[in-house]
Amino acid sequence: MNYQGILFDLDGTLTASGEGITKSVQYALEKMGKPELGEDLKKLEVFVGPPLLEQFMVYAGFCEEEAKEAVRYYRERYNVTGIFENKPYPGIEELLGALKKQGLILAVASSKPAPMVKIVLEHFHLDTYFDVIRGSDISRPKMTKAEVILQVLGEMGYGDKKDQVIMVGDRHYDVLGAKETGLSCIGVTYGYGTREELLEAGAIQTADSAWELEKILLHRPAGDQKNPEE
């Protein structure tokens, strides 16, 4: 299938945002009197991708009100410092440039609050590659990935042409959100999810790097482009 539009997740797909997110979660857990839950930053990578409110409830056993307080503490650090503890993955800008040259419509669909999504993309000069940029509505802490994706499809004008659009993400949340809205999803394993997680959720294919993802999306032969890091 030759897709006309491609939706990208942000954290773990376009940028390596784990440091800023996990350190901000650690800060929030300390503020909530649960410092022992934040000692291992690697374990806190489960917060990269899903809605924060939901993940604080699952990970720390907080009730909804406690989770809302934890999210406020998280943003206290993240909005000032954590958001910039971040960097694009190798090859991402080249990938986006190649896709735009082919005339594809590119969009971002992220569970991160919309203002933060735009700040990150503008900071790394990636915003100009995208026709639509959407994050979650900060006034709707329970907003799902599927709801964000539906908003993006509507803005793209592809709400009734879903067979021409594909999602790209690094966690099962991305795959399941895509499936819920009628899209297929390619999983990337260089982010914060595993190949097993992505395939089990229903990803149609996986890519280990931005260069491999480019080959898949542009239907290039496996040996057509060499990974500069090899």
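## Terms and Basis of the Model

A residue is called buried when its relative accessible area is under 20%, exposed when that value is over 50%, and partly exposed in between, with a 1.4 Å probe and protein chains only. Helices (H or I, at least four residues) and strands (E, at least two) are DSSP runs, numbered from the N terminus.

The model is predicted: local features need pLDDT of at least 70, side-chain atom pairs count only at pLDDT 80 or more, and totals for chains, interfaces and linings use all residues. Residues are numbered from 1 along each chain as its sequence is written, and side-chain values use heavy atoms, with hydrogens and water left out.

## Overall Form

The chain contains 9 helices and 8 strands. Its C-alpha trace spans about 55 × 40 × 35 Å along the principal axes. The radius of gyration, taken over C-alpha atoms, is compared with a globule rule of 2.2 Å times the number of residues to the power 0.38. For 230 residues a compact globule would have a value near 17 Å, and the chain, at 17 Å, agrees with this.

Of the 230 residues, 53% are buried. Contact here means heavy atoms within 4.5 Å. Among the contacts with a separation of 6 or more, 62% join residues 24 or more positions apart.

## Surface and Charge

Accessible areas come from the Shrake-Rupley method with a 1.4 Å probe; for residues, only the protein chains shown count as cover. The chain exposes about 10,500 Å², and carbon and sulfur atoms supply 48% of that area.

In the charge count, Lys and Arg are positive and Asp and Glu negative, while His and the chain ends are not counted. Each charge is placed at NZ of Lys, CZ of Arg, CG of Asp or CD of Glu. The chain has 26 positive and 37 negative charges, and their mean positions are 2 Å apart.

## Aromatic Pairs

Rings of Phe, Tyr and Trp (its six-membered ring) pair if their centres lie within 6.5 Å; planes under 30 degrees apart count as stacked, over 60 as edge-to-face and the rest as tilted. A search of the whole structure finds 6 such aromatic pairs. One of them is the stacked pair of Phe56 and Phe62, with 6.4 Å from centre to centre and 25 degrees between the planes. Phe56 is buried, at a relative accessible area of 0%, and Phe62 is also buried, at 6%.

The pair formed by Tyr74 and Tyr78 is stacked as well, because the ring centres are 5.3 Å apart and the planes meet at 15 degrees. Both tyrosines belong to helix H3 (residues 64-78), where they lie 4 residues apart, about one turn of the helix. Tyr74 and Tyr78 are both buried. Elsewhere, ring pairs join Phe47, Phe56, Tyr59 and Phe62 into a cluster.

## Helix H9 and Its Cover

Helix H9 (residues 210-217) is mostly covered, with 7 of its 8 residues buried. These buried residues are Ala210, Trp211, Leu213, Glu214, Lys215, Ile216 and Leu217. Their cover includes strand S1 (5-8), helix H4 (92-101), strand S6 (165-169), strand S7 (184-188) and strand S8 (205-207).

## Positive Phi Angles

Most residues other than glycine have a negative phi. Just after H9, His219 takes a positive phi of about 55 degrees. His125, which is not a glycine, likewise has a positive phi of about 55 degrees. His125 is found in the loop between helix H5 (114-123) and strand S5 (132-136), and it is exposed at 58% relative accessibility.

## Selected Residues

Gly5 lies in strand S1 and is buried, with a relative accessible area of 0%. Leaving aside neighbours within four places in sequence, Gly5 is in contact with Ile105, Met156, Gln164, Val165 and Ile166. The C-alpha atoms of Gly5 and Thr15, 10 residues apart along the chain, are separated by 20 Å.

Ser136 is part of strand S5 and is buried at 9% relative accessible area. Beyond its neighbours within four places in sequence, the contacts of Ser136 include Ser110, Pro113, Met143 and Val148. His172, in helix H7 (residues 172-180), is partly exposed at 22%. Not counting residues up to four places away in sequence, His172 touches Glu197, Leu198 and Ala201.
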